[in-house]
Amino acid sequence: MIENNELDFTINIKSTSALAPHVEFTNKPFRKIILNIYRYKEIPVIGSIAAVRGFDYNGFRQVYLNKDVEFLDLPNTISAIQMFARKRSDALLSYQTPMEYYLALKNIELGDSVVVETLLTLDTFYAINKNSPYFEMLKSSLDDFAQKEKLNYFIEFGIEK
């Protein structure tokens, strides 16, 4: 949608190569996200990973491809989580927040059968479409606001300190 100028901005990590030519990121991050791999304890060697098609996962897709792990690419995060939850994959690459949301929504507890390994923690940023007619206004407004409010992360705004 960014490439087709249907969005003025989104929130993403800076390493998303498909976005890089089309956006400029704010100076201050929006918030941190955590990338986890979830796997079933009883499966000693991961043979397949459910993941979102087109997501590089900050290089971890290639790490697992180099280990001859098959990726079951799904159109979105919920589909990937469901594939794993139905035990149709050995593992799941997912950011922690969507997984927590899905588990809470469906009232599911992972219990002892699933091992969760944190792979990395990343900053997300506002990614402003360079072709947006509002590019300059959005970029300067967001950067100026973060500086004025002395924010470390945009998510802090409105949270009592």
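Reply: Two strands pair if DSSP finds at least two bridges between them. Please bear in mind that this is a predicted model.

Me: Which residue in β7 is the bridge partner of N36?

Reply: In this case the partner is T118 in β7. The pairing belongs to strand β3 (residues 31–40) and strand β7 (residues 114–129), which are antiparallel and joined by 10 bridges.

Me: Which residue in β6 stands opposite N36?

Reply: That residue is S94. Strand β6 (residues 91–95) pairs with β3 over five bridges, again in the antiparallel sense.

Me: What should I know about side chains along a strand?

Reply: In a regular strand, side chains alternate between the two faces of the sheet.

Me: How many helices and strands does the protein have, and in what pattern do they follow?

Reply: There are four helices and seven strands. Along the sequence the pattern reads β-β-β-β-α-β-α-β-α-β-α.

Me: How should I read burial, and what percentage of the residues count as buried?

Reply: A residue is buried when its relative accessible area is under 20%. Here 39% of the 161 residues count as buried. The protein exposes about 9,800 Å², of which carbon and sulfur atoms supply 51%.

Me: What share of the contacts joins residues 24 or more positions apart?

Reply: Among contacts with a separation of 6 or more, such residues account for 68%.

Me: What are the spans of the C-alpha trace?

Reply: Along the principal axes, the trace spans about 50 × 40 × 25 Å.

Key:
Residues numbered from 1 in each chain as written. Predicted model: local features only at pLDDT ≥ 70, side-chain atom pairs only at ≥ 80, totals over all residues. Heavy atoms only, no water. Helix = DSSP H or I, 4+ residues; strand = E, 2+ residues; numbered from the N terminus. Buried < 20%, exposed > 50% of the residue type's maximum accessible area, 1.4 Å probe, protein only. Contact = heavy atoms within 4.5 Å. Areas by Shrake-Rupley, 256 points an atom, 1.4 Å probe, with all protein chains shown as cover.
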